[in-house]
Amino acid sequence: MCTLEKRGNIYILTLTGDDEHRLSPALLDSITAAIHRIHSETTTTPSTLITTAHGKFFSNGFDLTWAQNDPKRYKYMDAKLQVLVRDLICLPMPTIAAVTGHASGAGFVLAQAHDYVMMRKDRGFLYMSEMDIKIVVPDCFVRMLKNKIGYLALRDVMMRGDKVTAEVAVAKGVIYSVHDNAEETVEAAVKYAEELVMRNWDGHVYACNRKKLFADVLAVMDADETLEDMARANGVSSRL
């Protein structure tokens, strides 16, 4: 599933194993629980979150084998991802995705839910597979991506289903930086996380400003009662 490590003021959340890190309900719950743990431990001391993964995949999207042809199962995973994305938006610290492999579909959305995306250039691509597998992208994710990516780049990624390498992605403004390999990508993320911690920002203010940037995304999510119903069923609040 995933592990959570703390190095000083830096949290490192790692999707473990050499599989595709498909975002099954169980994995989504595991990541969300880690985010809730980070939030519960948050103090006035500045912190930063890095999310990364083992193997050649950052995440290859939803667990479509589990969903099969059942629309309710797909909607269930989608709702859980929306809860996770909202939790990341509300987290009181900067967030970095260290993309060390392919990030496709929902995996691409997960990466983009972070403030900064760093990526290796020797392997992997970013890919929104929804056009190719005949799935309509939820409104809240489209709004989030429009806030993160320019129109032409988003058109190519979302409407053409381009498989974008790291070097192309950084040139188009889809990601923050590119690095030679997985190890250097994580090292760069840690170095930048340390720089962000040194800025000594107030986490509450940081989260409030981020929520203002993504106010239209949160408004769509907040209007979906399914998310709150699911959160209550899991015994947690989906509103951090």
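Modeller: A charge counts as sitting over a ring if NZ of Lys or CZ of Arg is within 6 Å of the ring centre and within 35 degrees of the ring normal. The model discussed here is predicted.

Colleague: At what distance from the ring centre does Arg73 lie over the face of Trp66?

Modeller: The cut-off for Arg is CZ within 6 Å of the ring centre. Arg73 lies over the face of Trp66, and its distance from the ring centre is 4.5 Å.

Colleague: Which residue lies over the face of Tyr127?

Modeller: Tyr127 is buried, with a relative accessible area of 12%. Over the face of its ring, at 5.0 Å from the centre, lies Lys163.

Colleague: What angle lies between the planes of Phe125 and Tyr127?

Modeller: Phe125 is partly exposed, at a relative accessible area of 23%. Planes over 60 degrees apart count as edge-to-face. Phe125 and Tyr127 form an edge-to-face pair, with 6.2 Å centre to centre and an angle between the planes of 75°.

Colleague: How many aromatic pairs are found in the whole structure?

Modeller: A search of the whole structure gives a count of aromatic pairs, and that count is 7. One of them is the edge-to-face pair of Tyr116 and Tyr192, 5.0 Å centre to centre and 85° between the planes. The total, again, is 7.

Colleague: How many residues apart in sequence are the parts that Tyr116 and Tyr192 tie together?

Modeller: Both Tyr116 and Tyr192 are buried. Tyr116 lies in strand S7 (residues 116-120) and Tyr192 in helix H8 (residues 182-198), so the pair ties together parts whose separation in sequence is 76 residues.

Colleague: Which residue forms one aromatic cluster with Tyr116 and Tyr192?

Modeller: Tyr116 and Tyr192 pair edge-to-face. The cluster that holds these two also holds Tyr176.

Colleague: Which strands stand at the edges of the open sheet?

Modeller: The sheet has 3 strands in the order S4-S6-S8, with parallel pairing. Two of its strands each have a single partner strand, so one side of each is left without a neighbour in the sheet; these are S4 (57-59) and S8 (126-127).

Colleague: What is the bridge partner of Ser59 in S6?

Modeller: S4 and strand S6 (residues 102-104) run parallel and are joined by 2 bridges. In S6, the partner of Ser59 is Ala103.

Colleague: Which helices are included in what covers the buried residues of H6?

Modeller: Helix H6 (residues 151-159) has as its buried residues Ala153, Leu154, Asp156, Val157 and Met158. Their cover includes helix H4 (106-112) and helix H5 (139-148).

Key: Residues numbered from 1 in each chain as written. Predicted model: local features only at pLDDT ≥ 70, side-chain atom pairs only at ≥ 80, totals over all residues. Heavy atoms only, no water. Phe/Tyr/Trp six-rings, centres within 6.5 Å; stacked < 30°, edge-to-face > 60°. Helix = DSSP H or I, 4+ residues; strand = E, 2+ residues; numbered from the N terminus. Buried < 20%, exposed > 50% of the residue type's maximum accessible area, 1.4 Å probe, protein only. Pairing = 2+ DSSP bridges. Contact = heavy atoms within 4.5 Å.
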